[in-house]
Amino acid sequence: MPLARCVPQHIAIIMDGNGRWAKKRFLPRVAGHRQGVVAVRETIRACAEFGVDYLTLFAFSSENWRRPKEEVNLLMDLFVRSLEAEIEAMHENNIRLKIIGDIEIFAPRLQELIQEGMRCTQSNLGLTLTIAANYGGRWDIMQAMKKFAKGRTEPYAELTESDLSPYLSMHYAPEPDLFIRTGGEMRISNFLLWQLAYTELYFTPILWPDFDRVALNDAIVSYQSRERRFGRTSEQLKENV
Ligand code: IPE
Ligand code: IPE
Ligand code: MG
């Protein structure tokens, strides 16, 4: 268990490497996605235990529609089945579920489950679990701009960051303190572009289905060794303690 002091309040994860995990075992890619759900469960449990308040998981990007139709269908099925199986347990564990992304394109059953999951857990005060589905960072900024602009006629010359941020899809959460990407790739892949501006980045070669509480602990320990300067100098930070 990491030091209770300075546990990141918000962790955002790109869960990558399911396909390679399956390939290594001569299994179909979907077997990697299924095992990925097990890693999701373990990560949620560990975050709740370590005292993390917000966990955000990238489950399906707006670019993932480019995958073979069969894989996309299997991922959608898995999403439906996971929600059917887990909503009650999440509620019992005091988890508040949020889904961000353009969900209108999903099948009606999936949309229904998403709404039901969010409604049923909305008053819970434990871990806030956000699943990013059909999400893209650029989409998020664009949809915020469109919502902001709706019904307004005045010019935007005076528009500030704080005018726009209430319209972003994660307005209910502080910005992530720690970003983790599994699977060895070192890129953001259009995840939370606005919100990651000052997040500490952590990349690990561990494939997502192998990610567990020990791996999460390692990421948090790395985070705890960083100095977050937010543009200031190291000396300034020391003066303020
Ligand atoms: C991440 O694993 C899961 C999703 C994008 C849905 P991948 O499926 O991208 O796994 P690799 O990168 O091919 O190993
Ligand atoms: C990013 O993983 C999206 C999710 C984990 C949902 P990808 O595997 O799709 O990312 P790229 O295409 O390699 O950048
Ligand atoms: Mg991948």
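Biologist: In β6, which residue is the bridge partner of Phe-179?

Modeller: Please note that this is a predicted model. Strand β5 covers residues 178-181 and runs parallel to β6, with four bridges joining the two. For Phe-179, the bridge partner in β6 is Leu-201.

Biologist: Which strands stand at the edges of the open sheet, each with a single partner strand?

Modeller: The six strands of this open sheet pair in parallel and follow the order β3-β4-β2-β1-β5-β6. A strand at an edge has a single partner, so one side of it is left without a neighbour in the sheet. The edge strands are β3 (96-100) and β6 (200-203).

Biologist: How much of ligand 1 does the protein bury?

Modeller: Ligand 1 sits in the largest pocket. Its oxygen atoms include one that is 2.8 Å from an N or O atom in the side chain of Arg-29, and an oxygen atom of the ligand also lies 2.9 Å from a backbone N or O atom of Gly-19. Taken alone, ligand 1 exposes 380 Å², and the share of this that the protein buries is 87%.

Biologist: Which helix gives the most to the shell around ligand 1?

Modeller: The residues surrounding ligand 1 include Asn-18, Gly-19, Arg-20, Arg-29 and His-33. Both α1 (18-24) and α2 (29-50) supply at least two residues of the shell. With three residues, the helix that gives the most is α1.

Terms used
Residues are numbered from 1 along each chain as its sequence is written. Chains are lettered from A and ligands numbered from 1 in the order in which they are written. This is a predicted model: local features need pLDDT of at least 70, side-chain atom pairs count only at pLDDT 80 or more; totals for chains, interfaces and linings use all residues. Side-chain values use heavy atoms; hydrogens and water are left out. Two strands pair if DSSP finds at least two bridges between them. A residue is near a molecule or strand if one of its heavy atoms lies within 4 Å of it. A polar contact is a pair of N or O atoms within 3.5 Å; within protein, one must be able to donate a hydrogen and the other to accept it, and residues adjacent in sequence count only if both atoms are side-chain atoms. Accessible areas come from the Shrake-Rupley method with a 1.4 Å probe; for residues, only the protein chains shown count as cover. On a 1 Å grid over the protein atoms alone, a cavity is a set of points where a 1.4 Å probe fits but cannot get out, and a pocket is an open set with protein on both sides within 12 Å along at least five of seven lines; lining residues have an atom within 4 Å of a point. A molecule sits in a cavity or pocket if more than half of its atoms lie within 2 Å of its grid points.
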